[in-house]
Amino acid sequence: MLDLTGKNALVTGIANNKSIAWGIAQQLHKAGANIGVTYLPDEKGRMEKKVGELVQPLNPSLFLPCNVQDDAQIDATFAAVKEKWGHIDILIHSLAFAHKEDLSGDFSKVSRSGFQVALDVSTYSLIRLAQAAKPLFRPGGSIVTLTYLGGVRVIPNYNIMGVAKAALEMSVRYLAAEFGPQNVRVNAISAGPIRTLASSAVGGILDMIHHVEKVAPLRRTVTQIEVGNAAAFLCSDLASGITGQILYVDAGYEIMGMTPPSS
Ligand SMILES: NC(=O)c1ccc[n+]([C@@H]2O[C@H](COP(=O)([O-])OP(=O)(O)OC[C@H]3O[C@@H](n4cnc5c(N)ncnc54)[C@H](O)[C@@H]3O)[C@@H](O)[C@H]2O)c1
């Protein structure tokens, strides 16, 4: 049975009720996990208020600001985890960022700073969060991050984020090899396209979704809750033998080599 009772789960990346992280947090909570939430702080405190109200039904025992570009905020987050929980069992990394101008048009026009910010927020953050969480992980723990097919194949406009996701997927394998001996597993979910704040920055996201709805074996794309279910599975003892993997939750789109004749 999928049971996360007694497990402490820190969820990053909730911005609103469309966020994949929100789907994940709900399903972890439903499976019995004790939830902690981090949000990206802003000067006016808008995210704190908005995300705070959204996650209230999950009774988070931790609610913390954490801009992953700021080492001090990351360290403060895990100091709070240590103080409040003593240990951690689940870390959800569900965040990414690239400048909008780097998510359309020619890939080669990306600037050095555009490359750096995309890889820093979307890729290095997984490594840095894992580093900070490492001493607090109990055996049986699990890290899950979110990736996309554009890190493996060329998808129009995904551009620099594809490079960030390729590096993220390789980071999952290196982290899995490092954390395995302490019985902590590290996996990624490669989700199909879903309308969210982040995905709306990618040029032509709606066309991508419509294409998937025509071509994927299930003739639709996926929901945040479906991704949340897969994350809950990966974080549970049911997945105790799985690490270093990329699990596609994409209505089967990834297997297709040709558009079906009917579409
Ligand atoms: N939506 C999709 O189609 C799709 C598909 C596959 C993978 N993903 C991945 O899922 C993850 C979540 O994205 P989403 O689609 O739910 O969008 P979202 O906009 O809801 O979530 C992105 C999150 O990243 C956070 N973030 C950005 N910069 C940050 C920083 N410096 N510090 C801390 N947090 C920061 C934002 O606050 C937000 O909560 C991302 O890694 C994304 O690439 C999305």
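**Close-up views of a predicted model**

**View 1. Strands 6 and 7 run side by side.** In this predicted model, strand 6 (residues 184-191) pairs with strand 7 in the parallel sense, and four bridges link the two. Which residue of strand 7 is the bridge partner of Ile 189? Look for Leu 247.

View 2. Let's follow the strands across: their order is 3-2-1-4-5-6-7, and the pairing is parallel. Strand 3 (62-65) and strand 7 (246-249) are at the edges; each has a single partner strand, so one side of each has no neighbour in the sheet. From one strand to the next, the twist averages 20°.

**View 3. Helix 4 packs on the sheet.** Here helix 4 (residues 112-133) touches strand 4 (88-93) and strand 5 (137-147). The direction of helix 4 makes about 170° with that of strand 4.

**View 4. Helix 3 has the span we expect.**

**View 5. Helix 3 has a buried side.** Which residues of helix 3 are buried? They are Ile 74, Thr 77, Phe 78 and Val 81. These four cover an arc of only 85° around the axis, so they lie on the same side of helix 3. Their cover includes strand 1 (8-11), strand 2 (34-39), strand 3, strand 4 and helix 4. On the face turned away from the buried side, you can find the exposed residues Ala 72 and Glu 83.

Definitions and conventions: Residues are numbered from 1 along each chain as its sequence is written. This is a predicted model: local features need pLDDT of at least 70, side-chain atom pairs count only at pLDDT 80 or more; totals for chains, interfaces and linings use all residues. Two strands pair if DSSP finds at least two bridges between them. Axes are lines fitted to C-alpha atoms, for helices over the stretch in contact, and angles run from 0 to 180 degrees between N-to-C directions. Two residues are in contact if their C-beta atoms, placed from the backbone, lie within 7 Å. A residue is buried if 20 or more other C-beta atoms lie within 10 Å of its own, exposed if 12 or fewer, and partly exposed in between; C-beta atoms are placed from the backbone. The arc is that of the directions from the helix axis to the C-beta atoms.
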